[in-house]
Amino acid sequence: MNILNKFFLFFYLIITSILAFVVGLMPLNILSNDFIVSFVKEANKNFYVTIFAFVVLVINLIVLLNLFKRENFKLGVSRYTSEGELIISNEAIKALISKSLSDVKGLKDFKVFLKPNKDKLSVMIKAIVFPDHNIPNLVLQVQTATKTYLESVAEIPVAEVKVIVDEIASNTKLRME
């Protein structure tokens with residue numbers, strides 16, 4: 001939800017909360033009937049009330065339209081094919097990335113984070129590497145393997161693969177292959 005929609009929703013909720021509060025106070029006789037009647041009579045004469053009503057109406061329409069607007073699929077990548085919609089979940093994408101990195105030597109462990117953009121997927125990998133490997137070459141291998149594998153197997157366009165070397169492994173025992 002973008003900033004403008006959040007503002008409209010905030011404004012709408014404030015107005016409806018105030019109206020609900022006033023209506024809730026009416027049966028308790030906290031607000032006198034004369035006050036309510038005089039307010040309504042004055043509101044009929046005031047042009048600003050009409051403008052305010054139309055602003056609230058426009059905000060209501062914007063909030064309603066945003067409820068039915070289809071947002072980007074946040075739980076994975078969605079594409080349309082000639083046969084229908086194809087959805088690849090984030091967990092499946094992470095599994096594909098794990099498979100692509102299984103042949104890269106020098107990684108002890110890693111965590112994958114995904115950020116779907118409009119057209120492409122951004123991948124961030126936090127890695128724990130062994131100290132006896134060249135880190136820039138290892139990062140390049142991870143980036144290439146991830147991007148190539150995702151684009152060839154799942155046909156997911158990848159914008160970038162960011163690798164953060166989070167830690168250097170203290171023990172130099174290599175993984176079982």
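Strand 4 (residues 121-129) and strand 5 (residues 158-168) run parallel and are joined by 9 bridges; here strands are DSSP runs of E of at least two residues and helices are runs of H or I of at least four, both numbered from the N terminus, and two strands pair if DSSP finds at least two bridges between them. The model is a predicted one, in which local features need pLDDT of at least 70 and side-chain atom pairs count only at pLDDT 80 or more, while totals for chains, interfaces and linings use all residues. Residues are numbered from 1 along each chain as its sequence is written, and side-chain values use heavy atoms, with hydrogens and water left out.

Together with helix 5 (residues 135-154), strands 4 and 5 make up a right-handed β-α-β unit: with the strands pointing away from the viewer, the path from the first strand over the helix to the second runs clockwise.

Strand 4 also pairs with strand 3 (residues 107-116), this time in the antiparallel sense, over 9 bridges. Val-112 has Ile-125 in strand 4 as its bridge partner, and the hairpin formed by strands 3 and 4 leaves 4 residues between them.

Ser-122 has a relative accessible area of 10%, so it counts as buried (under 20%; exposed is over 50% and partly exposed in between, with a 1.4 Å probe and protein chains only). Leaving aside residues up to four places away in sequence, Ser-122 touches Phe-113, Leu-114, Lys-115, Asn-117, Ala-159 and Glu-160, a contact being heavy atoms within 4.5 Å.
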